Structure formats: C-alpha cells, structure tokens
Amino acid sequence: MKKLFAEFFGTFWLVFGGCGSAIFAAAFPEVGIGLLGVSLAFGLTVLTMAYAVGHVSGAHFNPAVSLGLWAGGKFEAKELVGYIIAQVIGAIAAAGVLYLIVSGKGDFTGIGGFAANGYGELSPGGYSLMSVLITEFVLTMFFLLIILGSTYPKAPKGFAGIAIGLALTLIHLISIPISNTSVNPARSTSQALFAGGDFTAQLWLFWLAPIAGAVVAGFIHKAFFDKT
C-alpha cells in the first residue's frame, strides 16, 4: 500500500504542477511563463517527487513507465495493475482539484481545453493523427531509455531524478505544439475526462502510442544495454 500511495501522490503532483502551470500561468497577461515554463514545470514535478518518494515506489507516476520497466525486466507483472490504477486515480484527483480552482475564477465560463491532449483540430499546432502518434511513440521510447539507463546499477548514483526530470522537460519543449505532450496515459485521461467531447474520443491514442513506445524501449534496453 505504501507503494500505491506513493504512486498516487507522485502522479497527483505531476498533473497538478504540470497541467496547473499550463492552465493558470502559461498565458497569464504580460508575465505568463509560456511553453518554456510549462515544460520546466512538468520536469520539476517528476524531479521533486522522484527524490521524495522514489525510494518507496520507484517513482513511475505513469502507466507507460510501469509497462516499459516491466518490458525491460525491471518491474514485476503482478504489480502493474495496482500501480496503473493508483496513477490514474491520482491524476484524476489532481484534475478535480484544478477544476475546483479554475471554476472559482470571477469570469469563469468554462474550462476550455483544460491542458488536454489532442490531434487534428485539437492539436495546438494542428498536427495530424499520424504526426501525433509518431511523436508520442518516439518521445516515450526515448523517455524510457533514459529512465532505464539512468537507474541502471552502473549509472552514477543519485542523478537519475535529475536526468529523468530534464528529459521530461525536453520532451515538452519538443512536443507541446504537436500534441500538448502526453507520454503519460494517466495525465491524458485526467484532463480528457474534464475537457470532454472530442478530447475523450481521442484519448485512445494517448494510451496506445506512449505504451507502445515504452514497451519497445524496454525490449531495446533488455536486448542491447542490459548487463553491459
């Protein structure tokens, strides 16, 4: 249960901090943090919680990460369901708190996109389904390769959280204009449930592509980089 609570709180913080920065601070008049700030916010959420609870659960905070670690032989299959459920619930809880905050704004008329992910008309830059699928697959694959490499026993000790946090920052710098950046099915689910409509209908891609990329990365690491 300690591991599941750690995954719940870690994923909550990721969604609350990352999506919260996009909802409240990205375009704030004159002093907004912009895409760079949102990218840093996502990276910082993972970095901080990796050091806060990583010793408890391994700091996955993402169903794709859990599945990628399983594919790489670094995580037991029997723990997958519990981890994924805890991650999704944590993400939804964070989105609920974000909704309570944003709905209290004086001129509130609706939540809009609510930092949800999308393709086609729902892509920030108007990118197609295929463009988004490729982006999410490739970026999640490299994210898992970084996670598996930086946490490898022979890797420098104590720096994994920094490498992983910076990797997530870089991923957002690349892909916010393309898909609003998922690489995390739990994060996509929480925002889509509140944004509704076509965002929910497109949610399948933000489970399929990140999980496929993560699993491929796990097999690549196991085949080429493990036990070196």
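Predicted model: local features only at pLDDT ≥ 70, side-chain atom pairs only at ≥ 80, totals over all residues.
Colleague: Over residues 127-147, what share of the chain is helix, and how far apart are the end C-alpha atoms?

Modeller: Strand accounts for 0% of the chain over residues 127-147. Helix makes up 90%, and the end C-alpha atoms are 28 Å apart.

Colleague: And how far apart are the end C-alpha atoms over residues 199-220?

Modeller: Over residues 199-220 the chain is 86% helix and 0% strand. The end C-alpha atoms of that stretch are separated by 32 Å.

Colleague: Are α3 and α4 roughly parallel or antiparallel to each other?

Modeller: Helix α3 spans residues 63-71, and its axis crosses that of α4 at roughly 160°, the two coming within 9 Å. The cut-off for roughly antiparallel is an angle over 145 degrees. The pair α3 and α4 therefore counts as roughly antiparallel.

Colleague: Which residues of α4 meet α3, and how does their contact divide into nonpolar, polar and charged residues?

Modeller: On the α3 side the residues are Pro63, Ser66, Leu67 and Trp70, and they meet Leu80, Tyr83, Ile84 and Gln87 in α4. The residues of this contact of α3 with α4 divide into six nonpolar, two polar and no charged.

Colleague: How many residues of α3 are buried, and what covers them?

Modeller: Pro63, Ala64, Val65, Ser66, Leu67, Gly68, Leu69 and Ala71 are the buried residues of α3. That is eight of its nine residues, so α3 is mostly covered. What covers the buried residues includes α4, α5, α7 (185-195) and α9 (205-225).

Colleague: At what angle do the axes of α1 and α4 cross, and is the crossing left-handed or right-handed?

Modeller: The axes of α1 and α4 come within 7 Å and cross at roughly 35°. The crossing of α1 and α4 is right-handed.

Colleague: How many nonpolar residues are in the contact of α1 with α4?

Modeller: The contact of α1 with α4 includes five polar and two charged residues. Its nonpolar residues number 19.

Colleague: How far apart in space are Gly17 and Ala94, C-alpha to C-alpha?

Modeller: Gly17 lies in helix α1, which runs over residues 2-25. Beyond four places in sequence, Gly17 touches Ala41 and Thr45. Gly17 and Ala94 are 77 residues apart in sequence, and their C-alpha atoms are 9.0 Å apart.

Colleague: Is Phe199 buried or exposed, and which residues does Phe199 touch?

Modeller: Phe199 lies in helix α8, residues 198-201. Its relative accessible area is 14%, and the cut-off for buried is under 20%, so Phe199 is buried. Leaving out residues up to four places away in sequence, Phe199 touches Gly113, Ala116, Asn117, Leu122 and Ala192.

Colleague: What separates the C-alpha atoms of Phe199 and Leu4?

Modeller: Along the chain, Phe199 and Leu4 are 195 residues apart. Their C-alpha atoms are separated by 28 Å.

Colleague: Why does Ser123 count as buried, and which residues does Ser123 touch?

Modeller: Ser123 is found in the loop between α4 (80-102) and α5 (129-150). Ser123 counts as buried because its relative accessibility is 5%, and the cut-off is under 20%. Not counting residues up to four places away in sequence, Ser123 touches Gly118, Pro177 and Ile178.

Technical notes:
Residues numbered from 1 in each chain as written. Heavy atoms only, no water. Helix = DSSP H or I, 4+ residues; strand = E, 2+ residues; numbered from the N terminus. Buried < 20%, exposed > 50% of the residue type's maximum accessible area, 1.4 Å probe, protein only. Contact = heavy atoms within 4.5 Å. Axes fitted to C-alpha atoms, helices over the stretch in contact; angles between N-to-C directions. Parallel < 35°, antiparallel > 145°, perpendicular 65-115°, else oblique. Nonpolar A, V, L, I, M, F, W, Y, C, P; charged D, E, K, R; others polar. Left-handed = near helix turned anticlockwise from the far one by under 90°.
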